[in-house]
Amino acid sequence: MTAEAARARIEVLLADELARFEREHPRSRELAGRAHGSLLAGVPMHWMVRWAGGFPVFATDASGARFRDVDGIEYVDFCLGDTGAMAGHSPEPTVRAVAEQAARGITLMLPSEDSLVVAEELARRFGLPRWQFALTATDANRFAIRLARRVTGRPRILVFNWCYHGTVDETFATLDADGRVVARDGNIGPPVPLGETTRVVEWNDADALERELAHGDVACVLAEPALTNIGIVLPEPGFHAALRESTRRHGALLILDETHTLCAGSGGYTRAHGLEPDLLTVGKSIGGGIACAAYGFSDEVAARVEASIPRDESDVGGVGGTLAANVLSLAAMRATLSEVLTDEAFVRMIALGERFEEGVASAVAAHDLPWHVTRLGCRVEYLFRPDRPRTGSEAAAGGDPLLDRLIHLYALNRGILLTPFHNMALMSPATTDEDVDRHTDVFAEATAAIAAAL
């Protein structure tokens, strides 16, 4: 069978799943139609136009690792709000703390004791002693970059190709065929040419990292400890040591963004692998779904920051915000970190990730498909290529949007939600063995159907 004929048969499978989705979601379809009268593109957040079924599922309620939609269908949720609900939906300790704090005040522009408890817990987990708070990981990254530029006096940052750091302008950069830094496809309204603000190297390329840092104009390297948003791309042995040594030698600060890689354990990849960043950012999950984020500093960097900002200028420098560090978000973080996303919870979540990985690998092997599965702690992802990518560019080149959409929709039609566009699965404290095994069964059915079509 030719490749074109095989793809045509995959298109038929997708058409069948699209028809089933539309047939089984009449109320979501009705609300999607109504939404075009009041919401841009018919969705409350623009990327939702890409949901695999042609219109999004409208949710009604969620608890633990499950949610229901307006058509009364219940789903096992492995998307978990793309990490925002990694604590599970509405964990009881977080709900209780939020309700109690909301009755006593929501935002005051004053500190609470919770801010001390949360900072002390983050210091225990990540090894950085000084902390600040924000509302999103994007903001935490923006603030960390500003502060890095302030204390180093340097203009540029360095990121890795196909990284993900929220909506930070400087990070939506890539390399063109000639190795020049340009805006990534789809970058909406970049304020300046990306080459003016950013240097880009491929993940796991220590030689390129050294070459770019040698220019002497990089304030900071902003990195995920492993790439997560273009498929999971793990660091090769020795790469983090080379990254740390090179940044120190060239006077660039190292900022690690643990927002997604917190899945590696209660102290993220940093604690699991003994990393030593100058700054660290984390958001999404640490408040159990309440908007919040944090960024931490080594003692040395904290002292440089404090010395560089006059007291009378502390509120006009573009760092912070009126609602940042509000008492409600701090109460949510305290409860979530102390009672939900605990050290013990991560041990169980990672074991579930291993179980999920084994189920996917067995189905792929059973049909001799040229795919692979990669796991990072309690986060698992399958890619439709035989070899594990070592760079973001290799991962991007190996993507298959047609299979991504088919697998996502096939699972959704059978009561399983994966993260859209790259079919990532995340375990929560509420996820069960039965939830994982349900995915294994559905994935085995999907691979059998796809193998028969190829």
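A cavity here is a set of grid points where a 1.4 Å probe fits but cannot get out, and its lining residues have an atom within 4 Å of a point. Keep that in mind as you look around this predicted model. The structure holds two cavities of 30 Å³ or more, and there is also a second largest pocket with about 1200 Å³ of space. We'll start with the cavities, then visit that pocket, and finish with a pair of helices.

**The second largest cavity**
- About 30 Å³ of space sits in the second largest cavity.
- Helix α4 (residues 113-126) provides the largest share of its lining, with three residues.
- If you want to find the spot, look for Leu122, Arg125, Phe126, Leu262, Ser266, Ile286, Leu337 and Leu341, which line this cavity.
- Sorted by class, that lining has six nonpolar, one polar and one charged residues.

**The largest cavity**
- The largest cavity has a volume of about 40 Å³.
- Its lining is made up of Tyr382, Ile407, Tyr410, Ala411, Leu418, His439, Val442, Phe443 and Ala446.
- Eight of the lining residues are nonpolar and one is polar, with no charged ones.

**The second largest pocket**
- This pocket holds about 1200 Å³, and of the 35 residues lining it, Gln132, Tyr295, Ser314, Val319 and Gly320 are the closest to its centre.
- Two or more lining residues come from each of α4, β4 (130-134), α5 (137-152), β12 (293-297) and α9 (299-308).
- Strand β4 gives the most to the lining of this pocket, with four residues.
- The pocket lining splits into 18 nonpolar, ten polar and seven charged residues.

**Where α1 meets α14**
- Two packed helices are described by the angle between their axes and the distance between the axes.
- For helix α1 (residues 3-24) and helix α14 (residues 433-453), the axes come within 8 Å and cross at roughly 140°.
- On the α1 side, Ala6, Arg9, Ile10 and Leu13 make the contact, and on the α14 side it is Ala449, Ile450, Ala452 and Ala453.
- By class, this contact has seven nonpolar residues, one charged residue and no polar ones.

Technical notes:
Residues are numbered from 1 along each chain as its sequence is written. This is a predicted model: local features need pLDDT of at least 70, side-chain atom pairs count only at pLDDT 80 or more; totals for chains, interfaces and linings use all residues. Side-chain values use heavy atoms; hydrogens and water are left out. Axes are lines fitted to C-alpha atoms, for helices over the stretch in contact, and angles run from 0 to 180 degrees between N-to-C directions. Contact means heavy atoms within 4.5 Å. Ala, Val, Leu, Ile, Met, Phe, Trp, Tyr, Cys and Pro count as nonpolar, Asp, Glu, Lys and Arg as charged, and the others, Gly among them, as polar. On a 1 Å grid over the protein atoms alone, a cavity is a set of points where a 1.4 Å probe fits but cannot get out, and a pocket is an open set with protein on both sides within 12 Å along at least five of seven lines; lining residues have an atom within 4 Å of a point. Grid points are joined across faces, edges and corners, and a volume is the space filled by probe spheres set on the points.
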